Amino acid sequence: MKFIGIIPARYGSSRFPGKPLAMLGELTVIERVYRQARKVLDDVVVATDDERIYNEVRRFGGNVEMTSVNHRSGTDRCKEAYNKHGVAADVIINIQGDEPFVQPEQLTALMNCFDNAETDIATLIKPYDKGVKYDILADPNCVKCVVAADGRALYFSRSVIPYLRGKDRDEWSSIQTYYKHLGVYAYRTKVLDEITSLEQSPLEKTESLEQLRWLENGKVIRTAVTEIETVGIDTPEDLHNAELFLNTMINK
């Protein structure tokens, strides 16, 4: 099975404009993401809407495609970049351009999901630590996922799911395993064509989560469980935390 990695990378960001070009150690964020993806994938492409990012990827020798500024999501940007790149693949892996520490084991776990012929889309989830307080679970910026026994995603929500009736909320994570969704996706190529042509669904609009559109339209989203915590960069403060994490890795 042929896999290709595509890294959507926009310059515009309300909380951190230009973050793909921010320096993290001696390398830009986007170069670190690219290098991590290349540890597993032979073919990796950055999909951007900005010439500054385009030029940076060319500078370090990476593959890059210019895409429209009008895309609603990274999924739509992945589709355009894949079509422009012109290399056929069975599965496209969407690796966020602000995840400089994405690990090879995580990407391999996504790839393994497609050993099951029923899998349309794969994504990563991570168990919350046992005993975390309810306030941590309730953060709406951290999306929760409920899964079936075979690993299929049943639902994603910004709310805490499942609800534990009759239990103190701060005991919930000690009783029930809760999963945090990590926004790395992989799609069969034909499925990517299908989901990018779908209209926004009611649940997607309600929770502002595009994966709910896919579930509402009958797609099988298979989850891969990872114990590795990602260090994403959404704000300048996150970049500082990423620098501390990088220094920890270097000094091990």
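Keep in mind that the model is predicted.

Let's start inside. The largest nonpolar core has 39 residues. Ile7, Leu24, Val46, Ile93 and Ile95 have the most contacts inside that core. Helix H1, residues 29–38, supplies the largest share of this core, 5 residues. There is also a second, separate core, with 26 residues. Ala89, Val143, Ala153 and Tyr185 are among the residues it includes.

Stay with Ile7 for a moment. What does Ile7 touch, once residues up to four places away in sequence are set aside? The list includes Ile30, Val33 and Tyr34. Val44, Val45, Val46 and Ala47 are on it too.

Ile7 brings us to strand S1, residues 3–9. How many of its 7 residues are buried? The count is 7 of 7. Phe3, Gly5, Ile7 and Ala9 point one way. Ile4, Ile6 and Pro8 point the other way. Residues on both faces are buried.

Now the neighbours of S1. Strand S4, residues 44–48, is joined to S1 by 5 bridges, and the two run parallel. Strand S6, residues 91–94, is joined to S1 by 4 bridges, again parallel. In S6, Asn94 stands opposite Ile6.

On to the aromatic rings. The structure holds 8 aromatic pairs. One of them is Phe3 with Phe114. Their ring centres are 6.4 Å apart, with 65 degrees between the planes, and the pair is edge-to-face. Phe3 and Phe114 are both buried.

Next, Tyr134 and Trp172. Why is this pair called edge-to-face? The ring centres are 5.5 Å apart and the planes stand at 85 degrees, and edge-to-face applies because planes over 60 degrees apart count that way. Tyr134 is in helix H5, residues 134–137, and Trp172 is in helix H6, residues 172–175. The two are 38 residues apart, and this pair too links distant parts of the chain. Tyr134 is buried, at a relative accessible area of 16%. Trp172 is buried as well, at 2%.

Glu56 lies in helix H2, residues 51–59. Is Glu56 buried or exposed? Buried, because its relative accessible area is 11% and the cut-off for buried is under 20%. Beyond its sequence neighbours, Glu56 touches Leu21, Thr28, Ile30 and Glu31. With Thr28 there is a polar contact, side chain to side chain, at 2.9 Å.

The other one is Lys180, in strand S10, residues 179–188. Lys180 counts as buried, at 16% relative accessibility. Its contacts, leaving aside neighbours within four places in sequence, include Leu124, Ile125, Lys126 and Tyr128. Cys142, Val143 and Glu229 are contacts of Lys180 too.

A quick look at helix H3, residues 74–85. It has 12 residues and reaches 16 Å from first C-alpha to last, close to the 16 Å expected. Which residues of H3 are buried? They are Thr75, Asp76, Arg77, Cys78, Ala81, Tyr82 and His85. Just after the helix, Gly86 takes a positive phi of about 75 degrees.

Most residues other than glycine have a negative phi, and most peptide bonds are trans. Ser208 is not a glycine, yet its phi is positive, about 55 degrees. Ser208 sits in the loop between helix H8 (202–207) and helix H9 (210–216). At 55% relative accessibility, Ser208 counts as exposed.

Last stop, a peptide bond. From Ile161 to Pro162 the bond is cis, with omega near 0 degrees. Pro162 is in the loop between strand S9 (153–157) and H6.

Notes: Residues are numbered from 1 along each chain as its sequence is written. This is a predicted model: local features need pLDDT of at least 70, side-chain atom pairs count only at pLDDT 80 or more; totals for chains, interfaces and linings use all residues. Side-chain values use heavy atoms; hydrogens and water are left out. A nonpolar core is a set of buried Ala, Val, Leu, Ile, Met, Phe, Trp, Tyr and Cys residues joined through side-chain atoms within 4.5 Å. Buried means under 20% relative accessible area, exposed over 50%, partly exposed in between (1.4 Å probe, protein chains only). Contact means heavy atoms within 4.5 Å. The expected span of a helix is 1.5 Å times one less than its number of residues. A polar contact is a pair of N or O atoms within 3.5 Å; within protein, one must be able to donate a hydrogen and the other to accept it, and residues adjacent in sequence count only if both atoms are side-chain atoms. Two strands pair if DSSP finds at least two bridges between them. Rings of Phe, Tyr and Trp (its six-membered ring) pair if their centres lie within 6.5 Å; planes under 30 degrees apart count as stacked, over 60 as edge-to-face and the rest as tilted.
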